[in-house]
Amino acid sequence: MADDKSFDSSRAPRPVGAYPHARSVGNLLFLSGIGPRRGGTNDIPEGIEAQCRSVFDNVRSVLEDAGSKWENLVDVTVFLTDIERDFEIYNRIYAEYFAEASPCRTTVEVNRLPTPISIELKCIATLE
């Protein structure tokens with residue numbers, strides 16, 4: 001497609017596979033799974049609260065570097081590796097970060113993620 005473009009963020013952690021951080025089709029931006037590793041490193045923050053804050057910051061970086069913004073999120077899929085242990089903390093922090101934006105949200109528990117992390121987000125946003 002002529003309006004199809006891939007994006008990578010220099011501020012977010014590098015993808016762990018052969019895929020871009022995001023891809024636009026028309027006026028929609030699809031983010032690949034984004035985890036909490038810190039940009040420029042493979043460091044994983046300790047604990048679910050720090051991982052939540054880091055993953056939300058990484059999503060924001062990818063959105064901005066691809067020409068969108070936090071408020072343009074329309075759908076967020078959240079993968080947690082231990083929903084019983086982590087949901088309450090994640091939900092509280094999610095409410096802080098999404099106080100102004102209110103995308104649709106789905107939260108699921110998965111057995112594991114490709115790296116030893118507790119949370120990953122898959123998002124769809126509109127472009128400006």
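Which are the buried residues of α1? The views below lead to the answer. This is a predicted model in which local features need pLDDT of at least 70 and side-chain atom pairs count only at pLDDT 80 or more, while totals for chains, interfaces and linings use all residues. Residues are numbered from 1 along each chain as its sequence is written, and side-chain values use heavy atoms, with hydrogens and water left out.

**View 1. An open sheet of 6 strands with mixed pairing.** Follow the strands in the order β1-β2-β3-β6-β4-β5. Strands here are DSSP runs of E with at least two residues, helices are runs of H or I with at least four, and both are numbered from the N terminus. Two strands pair if DSSP finds at least two bridges between them. β1 (5-7) and β5 (104-109) stand at the edges with a single partner strand each, so one side of each has no neighbour in the sheet. On average, neighbouring strands are turned by 15° against each other, direction ignored.

**View 2. Strands β2 and β3 side by side.** Residues 22-25 (β2) and 28-31 (β3) run antiparallel and are joined by 4 bridges. Look for Ala22, whose bridge partner in β3 is Leu31.

**View 3. Two helices across the sheet.** Helix α1 (residues 48-65) lies across β1, β2, β3, β4 (73-80) and β6 (119-126), at about 30° to β6. Helix α2 (residues 83-97) lies across β4, β5 and β6, at about 160° to β5. Axes are lines fitted to C-alpha atoms, for helices over the stretch in contact, and angles run from 0 to 180 degrees between N-to-C directions. Contact means heavy atoms within 4.5 Å.

**View 4. The buried residues of α1.** Here is the answer: Ile48, Gln51, Cys52, Ser54, Val55, Phe56, Asn58, Val59, Ser61, Val62 and Leu63. Buried means under 20% relative accessible area, exposed over 50%, and partly exposed in between (1.4 Å probe, protein chains only). Their cover includes β2, β3, β4, α2 and β6. Just after α1, Gly67 takes a positive phi of about 95°.

**View 5. Ser54 and Val55 in helix α1.** Ser54 counts as buried at 11% relative accessibility, and Val55 counts as buried at 0%. Leaving aside neighbours within four places in sequence, Ser54 is in contact with Pro36, Arg37, Arg38 and Pro45. With that same exclusion, Val55 is in contact with Ile34, Gly35, Pro36, Ile119 and Leu121.
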